[in-house]
Amino acid sequence: MARKKDPAANKVETKTFTVKKCPYCYTYVAVKDMQCNACGKRVGVVDSSGWARKVFDWQAYLGAVMAVIMFLAFYYWAFLAE
Ligand SMILES: [Zn+2]
């Protein structure tokens with residue numbers, strides 16, 4: 001006789017969270033929130049352990065790259081250009 005699968009067993013894999021933990025300041029924010037209201041950082045979707053995923057911050061990387069380019073341009077202008 002085939003054992004009937006418990007429908008509740010499948011739900012263990014896809015736990016539904018109502019809150020997720022901010023990876024930056026460790027406070028709980030609502031799952032639907034895409035920004036932490038404690039530290040103001042953007043947070044992603046909740047993972048299987050209840051943590052919010054970190055969102056790739058394009059603006060920060062762009063700012064860093066721009067700063068390096070500006071520095072190199074200044075360095076070239078100040079020391080290498082005739
Ligand atoms: Zn936070």
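Where in the protein is the place of Lys41? Lys41 sits in the loop between E2 and strand E3 (43-46). This is a predicted model, in which local features need pLDDT of at least 70, side-chain atom pairs count only at pLDDT 80 or more, and totals for chains, interfaces and linings use all residues. Residues are numbered from 1 along each chain as its sequence is written.

**Overall architecture**

- The protein contains two helices and four strands, where helices (H or I, at least four residues) and strands (E, at least two) are DSSP runs numbered from the N terminus.
- Read from the N terminus, the order of the elements is α-β-β-β-β-α.
- Of the 82 residues in the protein, 9% are buried; a residue is buried if 20 or more other C-beta atoms lie within 10 Å of its own, exposed if 12 or fewer, and partly exposed in between, with C-beta atoms placed from the backbone.
- Among contacts with a separation of 6 or more, 25% join residues 24 or more positions apart; a contact requires C-beta atoms, placed from the backbone, within 7 Å.

**Confidence**

- The mean pLDDT of the protein is 86, and 82% of the residues score at least 70; pLDDT is the predictor's confidence in each residue, from 0 to 100.
- Among the elements, helix H1 (residues 7-10) has the lowest mean pLDDT (54), whereas strand E1 (residues 19-21) has the highest (96).
- Where pLDDT is low, the predicted coordinates should not be read in detail.

**Helix H2**

- Helix H2 (residues 58-80) has 23 residues and should span 33 Å at 1.5 Å a residue, which agrees with the 31 Å between its end C-alpha atoms; the expected span is 1.5 Å times one less than the number of residues.
- H2 lies largely in the open, because the number buried among its 23 residues is zero.

**Nonpolar core**

- Cys22, Val29, Cys36, Val43, Val46 and Ala52 form the largest nonpolar core, meaning a set of buried Ala, Val, Leu, Ile, Met, Phe, Trp, Tyr and Cys residues joined through C-beta atoms within 7 Å.
- Beyond its neighbours within four places in sequence, Val46 contacts Phe17, Lys20, Val31 and Ala52.

**Loop residues**

- Tyr26, in the loop between E1 and strand E2 (28-30), has a phi near 65°, a positive value in a residue other than glycine.
- Tyr26 is exposed, as 11 other C-beta atoms lie within 10 Å.
- Lys41 is partly exposed, with 15 other C-beta atoms within 10 Å.
- Lys41 and Cys22 lie 8.6 Å apart, C-alpha to C-alpha, and 19 residues apart in sequence.

Technical notes: Contact = placed C-beta atoms within 7 Å.
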